[in-house]
Amino acid sequence: MMNTGRRDNVLRCPFCEQPLGDLEEIMTKFGNVITGGKCGCGAAYVYDGSGHNMGDAYVDCLTLACDGDLERAWSMTPGEDYDVREFFYDQRRNRFSTESLGRGRRSAIYLFIKVKK
């Protein structure tokens, strides 16, 4: 589990612990808008506020991690070419958790992908 119990309540990247920047609205090549960003360590992250669009979030995050190169994104293998971290987000406490916060309901989710060099 990611250590986010710090007193500063700043959300941090699970790969390098750097504070995350504000979420951005990022336009894709296909005209879709992704809510997310990139960490200084190269990890990409997307936010799914409903927790119901994880398939889309995964594709968006992988594409963002590959700088928009869809062909490269689809040619990679999880665990071998990139690592994935998925965290439920508690907006009230401004913290990540590895467990759902909503007892049967979907919670907001941050999905992180970092391409291995």
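Q: Is cysteine 41 buried, exposed or partly exposed?
A: In this predicted model, cysteine 41 is partly exposed, with a relative accessible area of 22%.

Q: And cysteine 13, buried or exposed?
A: Cysteine 13 is buried, and its relative accessible area is 0%.

Q: How many disulfides does the count come to?
A: The count comes to 0 disulfides. A disulfide needs two cysteine sulfur atoms within 2.5 Å, and the cysteine sulfur closest to that of cysteine 13 belongs to cysteine 41 and lies 3.8 Å away, so it is too far for a bond.

Q: What about the sulfur of cysteine 41, which cysteine sulfur is closest to that one?
A: For cysteine 41 the closest cysteine sulfur is in cysteine 16, at 3.7 Å, which is again too far for a bond.

Q: Changing topic, where is arginine 12?
A: Arginine 12 sits in the segment before strand S1, which covers residues 24-27. Arginine 12 is buried, with a relative accessible area of 11%, and a polar atom of its side chain lies 3.2 Å from the backbone oxygen of glutamate 17.

Q: Now helix H1, how many residues does it have?
A: Helix H1 has 12 residues, 54-65, and it reaches 16 Å from its first C-alpha to its last, close to the 16 Å expected at 1.5 Å a residue.

Q: Which residues of H1 are buried, and what covers them?
A: The buried residues of H1 include Met54, Ala57, Cys61 and Leu62, and what covers the buried residues includes strand S2 (33-38), strand S3 (44-48) and helix H2 (70-75).

Q: What comes up just after H1?
A: Just after H1, aspartate 67 takes a positive phi of about 55 degrees.

Definitions and conventions:
Residues are numbered from 1 along each chain as its sequence is written. This is a predicted model: local features need pLDDT of at least 70, side-chain atom pairs count only at pLDDT 80 or more; totals for chains, interfaces and linings use all residues. Side-chain values use heavy atoms; hydrogens and water are left out. Helices (H or I, at least four residues) and strands (E, at least two) are DSSP runs, numbered from the N terminus. Buried means under 20% relative accessible area, exposed over 50%, partly exposed in between (1.4 Å probe, protein chains only). A polar contact is a pair of N or O atoms within 3.5 Å; within protein, one must be able to donate a hydrogen and the other to accept it, and residues adjacent in sequence count only if both atoms are side-chain atoms. The expected span of a helix is 1.5 Å times one less than its number of residues. Contact means heavy atoms within 4.5 Å.
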